[in-house]
Structures are given as C-alpha cells and as structure tokens.
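Hi everyone, thanks for making time. Today I'd like to walk you through the pockets and the metal site of one protein. Have a look at it first.

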Amino acid sequence: MKKSFFLLAVLVILAPVPAWAHFGMLIPSVPTVMDSKDSTVTMDAKFWHPFENNGMDLVKPKSFQVYQGDQAADLLPSLKETKLGDHTTWRLSYKIERPGLYKFVMEPEPYWEPAEDCFIVHYTKVYVDAFGDDDGWNEPTPGLKTEIVPLIKPGGLYAGNTFVGRVLLDGQSAKNSEVEIEWYPGPGKAGQAPYESMVPQTVMTDEQGLFFYTPPTEGWWGFAGLNTADYKLPQEGQQKDVELGAVLWLYFHKFRDATAGSAE
Ligand SMILES: [Cu+2]
C-alpha cells in the first residue's frame, strides 16, 4: 500500500507539465490598411494556445472596444459568436473610414483554469494603423488595468527587429515580471518546437518594466505580461488567485530581398 502510494507520487511528479500557455488572441485580417480594399477589417477573438493552435471556449467578453486616441467606441454589440472546431470564438467586421491608429482592446470574463488553480484574465490588445497615420502608438490606454506599451512602432516590424515593450499594471511599470511569448502559425497550422518547454518563450521585465525580444520568424506573435492580481475570486467556496495578462499581438514582416532598381 505504502509502496504503491510512493510509486503514484513519483509518477505524478514525473508526469510532464503541459507547456500550454494561454493567450487571449485578437487577430485582424491585416495589421496595416493602405488600400481601401482592406479597409473592412475582420477581427477574430479567441482564448487559445496559439503555437499548438488549439484552445478553450471564449465566453462573450466583458468589454470590447476600439480606441482612436483617447476616444473609445464599444464594439461588443457587433461581436458575432463563431465556432472553431469545438470551441466558441468571436468575430467582428470593422470598417475603417479614416486615417489613424485603431487600437482594439478586449477584456474577457475571468476564466477558471483548474490545471493552474487560478483564474485568468487576459486584457488583449492589437493595433491596426490605417492610411499612413499611426500617431499615438506609444501611448498608454487610459483606465486599462494592465497592458504592454510598445517602445518600437508596432506597425511595421520586421522579423529580426527587437521588440521593446513596457508592462504596465494599474498605470505603473511592472518590474521583474514574467512575459510569455508565442508564435501563432496561422489558421489550421501548428508550430513545431524541439521541446514542449520551448513553446512559450519567456523573458522578464527589468526594473523599469521593460522587456526585449527578437522573434526568429515572421507572422503574428503574442506577448503576455503576467502578474497576479491584488484580489481573489471565489471558486467552489475557496478564494483563488487571478492571473492578469497584458496581451499584445504584433505582426512581424519578412524582410524582402532587393529588386533590380535603376542605378541612377
Ligand atoms: Cu488551456
């Protein structure tokens, strides 16, 4: 009896911990609108494991807004429930009429994750810049609980550029906190990693809440600045921790070779 209990304990300890990192996901049809044919942006919202391309159900978010400067518009009524495999996801279409930087921000309902014994709330953000205007790309969002503020222009990144961001929590720099990073390989695709532990890449913020990361390839990359909330939520009569994620999705373009140009 004792022996089998010991064996069970060993097996439990040796069982691989799934490397799944959860990410709120907001992926627009294009990261930059320069042509009016792209100006109706389709936005997909998920709660997902991006690299493996599978996930969880996303219940209707608590809020979904688009900011232009400090002006926010509520997009919650335009969200349409969709299905991806067995999972609930959301989609909206948004017509961009004027030049500017459009910042989409989703606040989900708390998600109970038994595997981590905590709730997860990922405040998820993506930028779309339109018709050559990207003013305000390094400004924080008024009233947002937590976010990553870029220090390198989010529209127009190349794979191989080093992304620099600051994690803010309640408007303050979140120092020495973890940032998980994952690649989203695209619809219907899953990434391949040498080891499961490499699926989320991890960096820490410094004393000023800054972090640095250089993606090895092009595509959509998600950055999640993680902190534990200063409040708890009840689950089956017990008070549980809440993981707050400041999630930012960024598109890194492939650097193209030169074409034959005129010499003079
Ligand atoms: Cu999960």
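Before the numbers, a word on what I mean by a pocket: it's an open set of grid points, where a 1.4 Å probe fits, with protein on both sides within 12 Å along at least five of seven lines. And keep in mind that this is a predicted model.

Okay, the largest pocket. Its volume is about 370 Å³. It's lined by 21 residues, and the closest to its centre are Asp44, Lys46, Tyr184, Gly186 and Pro187. Several elements give two or more residues to that lining, namely β1, β3, β7, β8 and β19. Which of them gives the largest share? That's β3, with four residues. If you sort the lining by class, you get nine nonpolar, eight polar and four charged residues.

Now the second largest pocket, at about 170 Å³. Here 14 residues form the lining, and nearest the centre you'll find Phe51, Met198, Gln201, Pro216 and Trp221. Strand β16, residues 178-184, provides the largest share, three residues. By class, this lining splits into ten nonpolar, three polar and one charged.

Last stop, the copper ion. What are its protein donors? They're His22 and His49, each through NE2, plus Met56 through SD, and they sit 2.2 to 2.3 Å from the copper. Along the chain, the donors are spaced as H-x26-H-x6-M. And are His49 and Met56 buried or exposed? Both are buried.

That's my tour, happy to take questions.

Notes
Residues are numbered from 1 along each chain as its sequence is written. This is a predicted model: local features need pLDDT of at least 70, side-chain atom pairs count only at pLDDT 80 or more; totals for chains, interfaces and linings use all residues. Side-chain values use heavy atoms; hydrogens and water are left out. On a 1 Å grid over the protein atoms alone, a cavity is a set of points where a 1.4 Å probe fits but cannot get out, and a pocket is an open set with protein on both sides within 12 Å along at least five of seven lines; lining residues have an atom within 4 Å of a point. Grid points are joined across faces, edges and corners, and a volume is the space filled by probe spheres set on the points. Ala, Val, Leu, Ile, Met, Phe, Trp, Tyr, Cys and Pro count as nonpolar, Asp, Glu, Lys and Arg as charged, and the others, Gly among them, as polar. Donors are N, O and S atoms within 2.8 Å of the metal (3.2 Å for Na, K and Ca); water is not among the atoms, so sites may look incomplete. Buried means under 20% relative accessible area, exposed over 50%, partly exposed in between (1.4 Å probe, protein chains only).
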